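Have a look at it first, and then we'll go through some of its features together.

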Amino acid sequence: MTMAILATNLMQAQSLQYPKAVKDGTVDDYFGTKVADPYRWLENDTSAQTAAWVEAENRVTSDYLSRIPFREKLLKRLTELSNYEKIGAPRKRHGKWYFYKNNGLQNQYVMYQMDELGGTPRVFLDPNTLSTDGTVALKGVYFSNNGKWAAYSISRSGSDWQEFYVIDLKTGQLTQDHIEWAKFSGAAWQGDGFYYSAYDRPTEGKEFSNVNAGHKIYYHKMGTPQSQDVLFYQNPTQPMRFYTADVNEEETMMYLYESGAGAGNNLFVRDLRQKDAQFIQLTDNMDYQYNPIYNEGDKLYIYTNYGAPKGRIMTADIRKPGVNDWQVLVPEQQNMLEGVDVINCQLILTYNQDASNHAYVYGLDGSLRHEVKLPMVGSVGFTGDEKQPECFYTFTSFTMPGTIYRYDIAKNESTLYAQPNVKFRQQDYESQQLFFQSKDGTRVPMFITYKRGEGLEVRGKRKPRPVFLYGYGGFNIALGPSFSAVRIPFLEQGGIYAQVNLRGGSEYGEEWHLAGTKMQKQNVFDDFISAAEYLIKEGYTSKEKLAIVGGSNGGLLVGACMTQRPDLFRVAIPEVGVMDMLRYHKFTIGWNWASDYGTSEDSKEMFEYLRGYSPLHNLKKGTAYPATLVTTADHDDRVVPAHSFKFAATLQECQTATQQTTKDPLPPVLIRIDTKAGHGGGKPLAKVLEEQADIYSFILYNMGVKYKK
């Protein structure tokens, strides 16, 4: 970074006038400890006062971003790279083939129908026609077992709230059936109706912030209004749990799932072959996962990590369903069992080996047939039906866009089916996996991706490069290799994309997950900080060229690391982050995260631990923080925007106060608040490109990188 560019950036940051956020006298008492929360009023996302603050913040942010000289060039390049045909794997339902496709720059993927493979596709469902701005997203499509209907769910403006509609498959027309206020639900068909999960209609004006409690399962009979739907299941004694139903294709077995109080679920089964049969409870410990994957008569095939932290396949007899009577079919392996598919009456098991996928075919008797030959290190997802021979898989890596192969299970042969044509030279980029030691000596993997010829192969020849360091570290979620066109411009500017597989994820099984939860959550932040220190030590980057990025739980990660080590990073991008660890459980479904975090109400010890790393509560005046762009959205009812609002207001207050005590101009701290958008799922492509242009231009500009065409 030249001193001239650095000076220009800092002078601009120094001249920023942040909106004045008033402070109130709110103080909470936690086990005798008083904790001030002066921006509590920002939790009221519908008040005029909050709206005025949001408008003022967005003005400052928009003005700053618009003055980045290469921002429009970057947006143009992002748009060029994203303008390619994207096709999903086809799937057969009731004699027709269905697949998703985006012609290039469509805001939402379109669902197509074909009479046969390779036949002429026709539009089956186009969510782009459901709104003028692409903010209505298709969440799922569910075909009835009798072949008469297809229910589909949508979300509006990024919210988790769902609405269901139904298509008559014979006529292709919408029926009059319409369901509102469903959430975290599919449509489980039985006969001429389906089961879905919903909450009571929320208080007007609090649809996106109030706690969600009392999840219920309803049965909707086709041709009747929602007001006549039958309440099928509820558990008033456990309002803070999720309840969902599923029915197998033959409609012989019905499953009931109970979750939300741990890292797993409880499982109930009902034999629909028996008239008036009741649910039988198979499990009673929600610390483990129990997912039925197939059944043959009385025999159930179940994936579980009970007694097997890395997962295994077991079988149960519905006549002796207790978990102690289950039999091991495919025992736990050395690697994490990440995916299970039953296709053509065979098991396809996908394992995670050092955060990349390997897939194997097993018989229903548990015998290993062969390993699927995958193209390279990457991630794979299979598509097919339990008793149909056709099988496809989608494969992706950091340098390979999602590519579809047709797979012959018997011959173990893959044939290219559809390959995207992205306007970049794949062979010009490469990825490699590195391993480093965290603070406590734990060996942690990390992928780096970069443009060939950057001199990164030999340590002594490395010139520090801009680095986009990304992580998540929580909720049993693994980060595998994946392609994203929006990363390419950063790589073209000589940047490195680094993705860390932190503890808290599922990369190495449940033990790896638990090592990053509750009173061990600090391990996650230590892993991320250690990754940054390793990249600097090994010459890949420097503190002046290091940006950290993460969303949701990853936003918490960025917030915690930038408050613990503000000296280590040049730029921080906490996206839709959980920033107030003392109150997160008081909004929408925040209570569901307690299995990973614990809550401030659990005990004094837990409160003190949470307060010790809570990003909001560890901002300090007198500390110079990295250039920061906080992102959130007005319809985020997963991690409510109040987290980001309060964090940004406090961060700006601290950075302004620190500026008054130093002669050196400090980097900008901004918040970008999107409208008609939510936590990220279903966001229209146009909004995605605008947001990514803002994020990447902010990063490169504050690193002092001179943008090259």
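Let's start with a hole on the inside. The second largest cavity is lined by Phe 398, Thr 399, Phe 424, Tyr 429, Thr 449, Phe 483, Ser 484, Arg 487, Ile 488, Leu 491 and Tyr 497. Sorted by class, that lining comes to seven nonpolar, three polar and one charged residues. The space in this second largest cavity is about 80 Å³, and the structure holds five cavities of 30 Å³ or more. Keep in mind as you read that this is a predicted model.

Next, a space that is open. The largest pocket has a volume of about 390 Å³. Its lining has 22 residues, and the closest to the pocket's centre are Tyr 18, Pro 19, Gln 652, Glu 653 and Thr 656. By class, the pocket lining divides into eleven nonpolar, seven polar and four charged residues.

Now for the packed parts. In soluble globular proteins, nonpolar side chains tend to be buried together. Here, the largest nonpolar core has 118 residues, and the ones touching the most other members are Trp 53, Met 446, Leu 469, Leu 535 and Ile 699. Helix α11 (residues 685-703) brings the largest share of this core, ten residues. Another core lies apart from it, with 16 residues, including Tyr 303, Ile 313, Leu 337 and Tyr 360.

If you set aside residues up to four places away in sequence, Met 446 touches Gln 432, Gln 433, Leu 434, Phe 436, Leu 469, Ala 498, Gln 499, Val 500, Asn 501, Ala 531, Tyr 534 and Leu 535.

Helix α6 covers residues 522-537. Is α6 largely enclosed or largely open? Twelve of its 16 residues are buried, so the rest of the structure largely encloses α6. The buried ones are Asn 523, Val 524, Phe 525, Asp 526, Asp 527, Phe 528, Ile 529, Ser 530, Ala 531, Ala 532, Tyr 534 and Leu 535. The length of α6 works out as well: at 1.5 Å a residue, its 16 residues should span 22 Å, and the C-alpha atoms at its ends are 22 Å apart, which agrees. After α6 comes Gly 539, with a positive phi near 85 degrees.

| Residue | Relative accessible area | State |
|---|---|---|
| Val 576 | 11% | buried |
| Asn 412 | 13% | buried |
| Asn 476 | 17% | buried |
| Arg 452 | 45% | partly exposed |
| Ser 227 | 69% | exposed |

Val 576, in the loop between β37 (571-575) and α8 (594-597), has a positive phi near 35 degrees although it is not a glycine. Asn 412, in the loop between β30 (403-408) and β31 (413-418), is also a residue other than glycine with a positive phi, near 55 degrees.

Asn 476 lies in the loop between β34 (467-470) and α4 (488-492). Why does Asn 476 count as buried? Its relative accessibility is 17%, and buried means under 20%. Beyond its neighbours within four places in sequence, Asn 476 is in contact with Gln 289, Gly 504, Gly 505, Ser 506, Glu 510 and His 513.

Arg 452 belongs to the loop between β33 (443-451) and β34. Leaving out neighbours within four places in sequence, Arg 452 is in contact with Gln 427, Asp 428, Tyr 429 and Glu 430. Of these, Asp 428 is 24 residues from Arg 452 in sequence, yet their C-alpha atoms are 5.5 Å apart in space.

Finally, find Ser 227, in the loop between β14 (216-221) and β15 (230-233). How far is Ser 227 from Met 446? The two are 219 residues apart in sequence and 52 Å apart in space, C-alpha to C-alpha.

Key:
Residues numbered from 1 in each chain as written. Predicted model: local features only at pLDDT ≥ 70, side-chain atom pairs only at ≥ 80, totals over all residues. Heavy atoms only, no water. Core = buried A, V, L, I, M, F, W, Y, C linked by side-chain atoms within 4.5 Å. Buried < 20%, exposed > 50% of the residue type's maximum accessible area, 1.4 Å probe, protein only. Helix = DSSP H or I, 4+ residues; strand = E, 2+ residues; numbered from the N terminus. Contact = heavy atoms within 4.5 Å. Expected span 1.5 Å × (residues − 1). 1 Å grid on protein atoms, 1.4 Å probe; cavity = no way out; pocket = protein on both sides within 12 Å on 5 of 7 lines; lining within 4 Å. Points joined across faces, edges and corners; volume = space filled by probe spheres on them. Nonpolar A, V, L, I, M, F, W, Y, C, P; charged D, E, K, R; others polar.
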